[in-house]
2 protein chains.
Amino acid sequence: MAAEAGSALGLSVAVLAESPDDAACAVASEVVVGSPLHEDDMRALADRVDVITFDHEQVDLAIVGALLDDGVVIRPGLQTLEMAVDKAHMRAVLVEAGIPVPAHTTVEGGGGAGGPAEKAFAAFGDEHGWPIVLKTARGGYDGRGVWPVDDMAEAAAIVGSLGGTVLVEAMVPFDAELAVMVARRPSGETVTWPATETAQVGGVCREVLVPGRLPPEVVGRAGVLGRQVAGIADAVGVLAVELFWSDGVLMVNEIAARPHNSGHWTMEGAVTSQFENHLRAVLDLPLGSTAPQHAQVANVNVFGGPEGTDPVELLRRGLAVEGAHVHLYGKEARPGRKLGHVTVCGDEAEGVRECAWAAALSLGTPRPVGLSLPVGLDLPSGVA
Amino acid sequence: MAAEAGSALGLSVAVLAESPDDAACAVASEVVVGSPLHEDDMRALADRVDVITFDHEQVDLAIVGALLDDGVVIRPGLQTLEMAVDKAHMRAVLVEAGIPVPAHTTVEGGGGAGGPAEKAFAAFGDEHGWPIVLKTARGGYDGRGVWPVDDMAEAAAIVGSLGGTVLVEAMVPFDAELAVMVARRPSGETVTWPATETAQVGGVCREVLVPGRLPPEVVGRAGVLGRQVAGIADAVGVLAVELFWSDGVLMVNEIAARPHNSGHWTMEGAVTSQFENHLRAVLDLPLGSTAPQHAQVANVNVFGGPEGTDPVELLRRGLAVEGAHVHLYGKEARPGRKLGHVTVCGDEAEGVRECAWAAALSLGTPRPVGLSLPVGLDLPSGVA
């Protein structure tokens, strides 16, 4: 989607991809086959471009540091990437800056029964109450690397599989989950899109609503907080700040230093999309307006359904849903794999949400368990 | 831009291009290097895709016919392409169907002084009044192949350079030029976007305004006429119908059987863009809503300015114009070459037009001669 935005601005986008079959390669001007974790591949990319940026957290900070030392322009820079790559570091920096975050501690994973990790889980659970959340500081994504555990028995069962630093956190009894997208230039010029309400199931984002159930006052506070975090992180490009809203307090849960699922709604819902502003920011070009274009926007993710469904027939059904903007990522459909998203804009919250869900379900998305669907959702015929 | 829309839908787009450096190749999944005028190249493309469509009129009807006979799916088909490729044929078909068109006749070009072409020009000018317009029936584009001539002396001066069939037309004293974009599926299902007012200088489109100065009644009539023409042409995909509005009458000037400059505004201005609906239509998928998203949309084309202007500096200036959606086509800048367009959406006609012109001029577009700029247009500093 960043490459689509780059194409619209007449930019030439080179992609470093593991395989020329990666979906991004189809819309890139140039492809470098390789891995961001291999210095030679990163240098091959650097030779071809003015600026390197990331759309994931598979970042080797040592390689980034070496390239930066040699004058390669990488945006965001090391300070931001360290926070995005390492959740324990992110928490520490935010606490130092006085930003509210969930109660937490860190411990080195492993060690088996009775080891320091297990003892730390027990002590933390006893102090803050169960359940607690265990997260690997590095490498998590879309619910991977995150384990909510109800009691000490569950914590003990997984302690052996946890390597590296483990973040031990209180389970926040949130009233809502929010995300605020921020774009920031090297000069510090910063813009934010209106905060969204997000809904996750099993740590995987299922839908994003703008503004959702959020009162304007909370949307405004989230924007201020997002802007603060972007400054603390010295972000350049787009920064996603995921928040809990709990008992009148906003606290930072996660950050991502790239365009993010929580910002896909901006493609049709705002004057400038997160992808365009990410490219503008990392190229140090003026940022575009983040003003919303509609009173209500709903964004629902599309996941692979059961095997054997005909993708053309699914597309036909999804496109038959009037007003639904369908985005598919060109990935091979597998059950449970995130394949795309649907955005619907309009004046009325329940209407846009229903429409987006109708299209996502028509596209084969399994009905989510643990997420309350809109009241009265009328599924197109033929959808289970 | 069609490839960007295809990417969003997860479609794989193969491009037949004269050179791998063509801008479209950068966003295509696959590139076949060759010419649409060579049967082998067209067959190489046909081997790779489910459907072939065109984004220009460089179409060899005999090759298209041969491929269709062999079962290749080409949309739109021969009946539409014949009208799009040959203006004399288009006029004849529309007259037969009772659609208003400018007074015209046809004659074979060439023949020199006193030949049949010169005699036909004189007879036509005497009957319908001077000036008249001479058009080559085939091969014109963006003002090329069109000569407005004031009198017999001017007509005589160019008669020797006119080969093939020449369309001789009355110069219509229009009150406005309009365009209506239509999308039509193989089944005949048809949608139209609201008609636009267009402004040409020297046959080259400079700006498109939605709805411009057009009263709703005329917008409605233009939509009906566009839909009729699409049916007569048996169009599949997007059809652009360019109209004159003259003394209360709407008449068809040109048609194009593809996404068209007059429809670029739909990318941000309508729920579904002309590019997405073109792909949906040629793939026989449900068409998207053509509802406008804003009360007013202005679209201004970007042309190459004097040599030596720094494209990055120009982009910086263009993006600094708040609210301007900049589209650049990845073409090398040359003076007078169409390089992109700017779209601005809003509530107020003069405001969106001013903003779009400000961005286009900032991007290096020479100030047009023969087109009245908006009153009070305030150019950003540094723009000549």
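**Symmetry, strands and helices**

Mentor: Chain A can be laid on chain B by a turn of 180° and a shift of 0.0 Å along the axis, with an RMSD of 0.0 Å. The two copies are thus related as by a two-fold rotation axis. Keep in mind that this is a predicted model.

Trainee: Which residue of chain A comes closest to the rotation axis?

Mentor: In general, two copies of a chain are related by a rotation about an axis and a shift along it. Here Val27(A) comes closest of the residues of chain A, with its C-alpha at 2.0 Å from the axis. The same surface serves both copies, as 100% of the contact residues of chain A recur in chain B.

Trainee: What is the order of strands in the open sheet of chain A?

Mentor: The four strands follow the order E3-E6-E4-E5 in chain A, with antiparallel pairing. E3 (104-108) and E5 (146-149) of chain A are the edge strands, each pairing on one side only. On average, neighbouring strands of this sheet are turned by 25° against each other, direction ignored.

Trainee: How many bridges join E3(A) to strand E6 of chain A?

Mentor: Five, and the two strands run antiparallel. Val107(A) has Val166(A) in E6(A) as its bridge partner.

Trainee: Which helices lie across these strands?

Mentor: Helix H5 (residues 87-96) of chain A lies across E3, E4, E5 and E6 of chain A, at about 55° to E6(A). Helix H6 (residues 116-128) of chain A lies across E3, E4 and E6 of chain A, running at about 170° to E3(A).

Notes:
Residues numbered from 1 in each chain as written. Chains lettered and ligands numbered in written order. Predicted model: local features only at pLDDT ≥ 70, side-chain atom pairs only at ≥ 80, totals over all residues. Heavy atoms only, no water. Least-squares fit on C-alpha atoms with pLDDT ≥ 70 in both. Contact = heavy atoms within 4.5 Å. Pairing = 2+ DSSP bridges. Axes fitted to C-alpha atoms, helices over the stretch in contact; angles between N-to-C directions.
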